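Here's a quick tour to read with the model open on your screen. We'll start with the domains, move on to the ligand, and finish with a pair of helices.

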Amino acid sequence: MIDPKKFIRIFEKNSISFFTGVPDSLMSDFCNLMDTKKNHLSSVNEGAAVAVGIGYYLATKKLPVIYLQNSGLGNAINPIVSLINKNVFKIPMFFLIGWRGEIKKKKSVKDEPQHIEQGLITEDLLKTLKIRYKILNKNSDYKKAIKTLKKYSVKNSLPVALLIRKDSFLKSRKNNFKESNYFLSREEILKTIIKALPKNINTVSTTGVLSRELMEINRQKEKINNFYCVGGMGHAVSIANGIAIAKKNKKIVCFDGDGASLMHLGSQINFSQNLNAIHILINNKSHDSVGAQKTAGNKINFYRLAKEAGYKKTFYCSRLIEIKKAVKYALNHKGSFFIEIKSKPGFRKGLMRPREKLTIMKDKFMKSL
Ligand SMILES: Cc1ncc(C[n+]2csc(CCOP(=O)(O)OP(=O)(O)O)c2C)c(N)n1
């Protein structure tokens, strides 16, 4: 397996020392190390990371490294095609892409449904985008791969990539984020909220562990009708928005994470315009689901931003009693409400994943509306 520390050192030996991106679970140990580096920017989304990389290159003539999960390629495609492409500005950069839903011996490996298609098309996508790439696994000669890709990128002013298979990196099992135990866990927050919500309310939950915890809490009594935004990180609030617009007589709740919210922050400005919107953001200051790397907004007061984004009333809660009060208020008043809840990172092992087919879950949700 590849030691992520040595891996980073090889980039530095090749005069590549600036890193930006959005973390991925397949590269979590590499991404965790990023938090300790000065020359690193935790990006809000993968497209923004490419754009930052462009600026960095313009200012230094040096290659930036952009790291991302392959599901983030969608966010990155626009600046890749419209800015760094050979017909436009011809900007070299080095991508590190975690390959969820990877193909081995021409077959998809077992992964979650939202990763299957993305895994299947990733190589074709890189070819279409004219990004020269090499596949990295735990036995790869990564020194040679980095050196040759860098050479090609600089010589041709084109982007290159390492497509990273699962289990390529050594696992340190060390979690970055040491947040005080004083704060509530996401799971106890969710339990309290579900208790406070009326039966059959429609909710939309964000990508990652939050949805898995919610699924487990809701499993027995099926109290809420939730749409699990298993992919499309950052879009749960817009899905909730579409529902809120179409179902004006129903309260619609969105459960969000700080990383996901930052990814498409502007969507809040749309969601806040509804009179039936409740946006609940659980802020653990980290991308907890993929290794608890710090989010770019780890010093931000989201409830203050939300006020400016147009929510009628915003709340900040760090205790269960405050959460109950805020939820009750939002349920009993007309308008749009934003509730930021401080939480510590971390989650139980072995949380459930969807047992039913996602299309069946979708049908049930639609019926409930
Ligand atoms: C476009 C995209 N980029 C990256 C990922 C990988 N990913 C899944 S969950 C997650 C972290 C989400 O962080 P946050 O919203 O703060 O929720 P938390 O995990 O902390 O509960 C990331 C980066 C993804 N699924 N999609």
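## Ground rules

Domain bounds here come from an automatic or database domain assignment. This is a predicted model, so to speak of local features we need pLDDT of at least 70, and side-chain atom pairs count only at pLDDT 80 or more, while totals for chains, interfaces and linings use all residues. Residue numbers start from 1 along each chain, as its sequence is written.

## Two domains

The protein splits into domain 1 (4–164) and domain 2 (184–368). Their centres, taken over C-alpha atoms, are 30 Å apart.

Where do they touch? Counting two residues as in contact if their C-beta atoms, placed from the backbone, lie within 7 Å, 16 residues of domain 1 meet 14 residues of domain 2. On the domain 1 side, α2 (28–34) and α5 (113–128) are the elements that give two or more residues, and α2 gives the most, with four. Helices (H or I, at least four residues) and strands (E, at least two) are DSSP runs, numbered from the N terminus.

That side of domain 1 has five nonpolar, eight polar and three charged residues. For these classes, Ala, Val, Leu, Ile, Met, Phe, Trp, Tyr, Cys and Pro count as nonpolar, Asp, Glu, Lys and Arg as charged, and the others, Gly among them, as polar.

## Around the ligand

The ligand has 24 residues around it, and the closest are Gly-208, Gly-257, Gly-259, Asp-288 and Ser-289.

Which elements supply at least two shell residues each? They are α8, α10 (258–263) and β14 (286–287). The largest share, three residues, is from α10. By class, the shell has seven nonpolar, 14 polar and three charged residues.

## α7 against α8

Helix α8 (residues 209–218) also pairs with helix α7 (residues 186–196): their axes come within 10 Å and cross at roughly 50°. Axes are lines fitted to C-alpha atoms, for helices over the stretch in contact, with angles running from 0 to 180 degrees between N-to-C directions. Angles under 35 degrees count as roughly parallel, over 145 as roughly antiparallel, 65 to 115 as roughly perpendicular and the rest as oblique, so α7 and α8 are oblique to each other.

On the α7 side, the contact is made by Arg-186, Glu-187, Leu-190, Lys-191 and Ile-194; α8 brings Leu-210, Glu-213, Leu-214, Ile-217 and Asn-218. Sorted by class, the contact has five nonpolar, one polar and four charged residues.

Notes
Near = placed C-beta within 6 Å.
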